[in-house]
Structures are given as structure tokens and as C-alpha cells.
Amino acid sequence: MRLLASLLLLFTLVACDKHPASADVLANNFTVEQQQLLQQGSQRARSCAACHGANGISRQALYPSLAGKPAIELVQAMQAFRDGSRKNALMSPQARGLSDADIELLAAYYALLPAAATK
């Protein structure tokens with residue numbers, strides 16, 4: 001059990017992106033409303049960045065990138081983790097603390113971010 005916890009911690013630390021893009025940098029091509037959403041979303045998404053990357057682009061295959069995903073897809077996934085119909089050792093506890101408003105904000109935020117470039 002300790003080994004599993006240590007490995008999860010190690011993966012989390014490795015995936016952490018230390019330089020999140022500021023909302024100001026991302027906002028150049030967005031409306032005022034979208035800029036506000038980016039600013040609010042970036043604040044709420046801080047804990048998500050450890051696994052999913054500061055800009056929603058994961059650096060580890062273990063964690064999916066969220067940037068550019070359809071908001072409805074993200075809402076459904078977070079609600080499923082929160083209500084227990086979808087289970088994951090890391091996401092389920094994270095999602096339990098999210099309100100409906102948090103989920104809507106995070107989904108809209110990640111949907112606005114540019115998706116990872118495909119190889």
C-alpha cells in the first residue's frame with residue numbers, strides 16, 4: 001500500500017507543470033466574458049494542474065489532457081466521478097468536493113484552452 005501511495009505521489013509530482021500560463025497571456029484572442037472565465041477557471045483549476053498540466057495539457061500519458069475537450073464531455077466525466085458512477089483512485093476524491101458551479105466553470109475553462117498539438 002505504501003508503494004502504491006509513493007508511486008501515485010511520484011507520478012503527481014512528475015506531472016506537475018511549474019509554469020502555468022497566466023490568464024493575461026491566454027486572453028489575447030478572447031472576448032471580455034471569455035477572459036473573465038479564463039481568469040476564474042485558472043484559479044479553480046490549480047489543483048487539476050498537478051496531473052492534467054497547467055494549461056490542461058498533460059505531460060504524462062497516465063493523465064488525459066483536458067484542453068480543448070468539449071465542455072459537455074468534461075461536465076459528464078466530473079459529475080460521474082463525483083457521484084461515484086465512474087471510479088478512479090485520484091479523480092473520485094477530487095471530484096467529490098466540486099459543486100455544480102465548480103464543474104461548469106472548470107469544463108468551460110478547459111474547453112476554451114487550445115488543445116494539445118497532435119503528433
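Here is the tour, from the whole chain down to single residues.

**Before you click.** You're looking at a predicted model, where local features need pLDDT of at least 70, side-chain atom pairs count only at pLDDT 80 or more, and totals for chains, interfaces and linings use all residues. Residues are numbered from 1 along each chain as its sequence is written, and side-chain values use heavy atoms, with hydrogens and water left out.

**Stop 1: the whole protein.** Switch to cartoon and you'll find 7 helices and 0 strands. Helices here are DSSP runs (H or I, at least four residues), strands are E runs of at least two, and numbering starts at the N terminus. Of the 119 residues, 34% count as buried, meaning under 20% relative accessible area with a 1.4 Å probe, protein chains only. Take the contacts (heavy atoms within 4.5 Å) between residues at least 6 apart in sequence: 69% of them join residues at least 24 apart.

**Stop 2: α3 against α7.** Select residues 32-44 for α3 and 100-112 for α7; the two pack at an angle of about 115°, axes 9 Å apart. Axes are lines fitted to C-alpha atoms over the stretch in contact, and angles run from 0 to 180 degrees between N-to-C directions. That makes α3 roughly perpendicular to α7, a label for angles of 65 to 115 degrees.

Now show side chains. On the α3 side, pick Q34, L37, L38, Q40, G41, S42 and R44; they meet D102, L105, L106, A108, Y109 and L112 of α7. Colour this contact by type and you get 7 nonpolar, 4 polar and 2 charged residues. Nonpolar here covers Ala, Val, Leu, Ile, Met, Phe, Trp, Tyr, Cys and Pro, charged covers Asp, Glu, Lys and Arg, and the others, Gly among them, are polar.

**Stop 3: the core.** Which residues have the most contacts inside the largest nonpolar core? Select M78, L106 and Y110, in a core of 20 residues. Such a core is a set of buried Ala, Val, Leu, Ile, Met, Phe, Trp, Tyr and Cys residues joined through side-chain atoms within 4.5 Å. α3, α5 (71-83) and α7 each give it two or more residues, and α7 gives the most, with 7.

Zoom in on M78: leaving out residues up to four places away in sequence, M78 touches A95, L98, I103, L106 and A107.

**Stop 4: H52.** Finish in helix α4 (residues 49-52), where H52 sits. Is H52 buried or exposed? H52 counts as buried because its relative accessibility is 9%. Beyond residues up to four places away in sequence, H52 touches I57, S58, Y63, P64, L66 and M91.

Key:
Angles under 35 degrees count as roughly parallel, over 145 as roughly antiparallel, 65 to 115 as roughly perpendicular and the rest as oblique. Buried means under 20% relative accessible area, exposed over 50%, partly exposed in between (1.4 Å probe, protein chains only).
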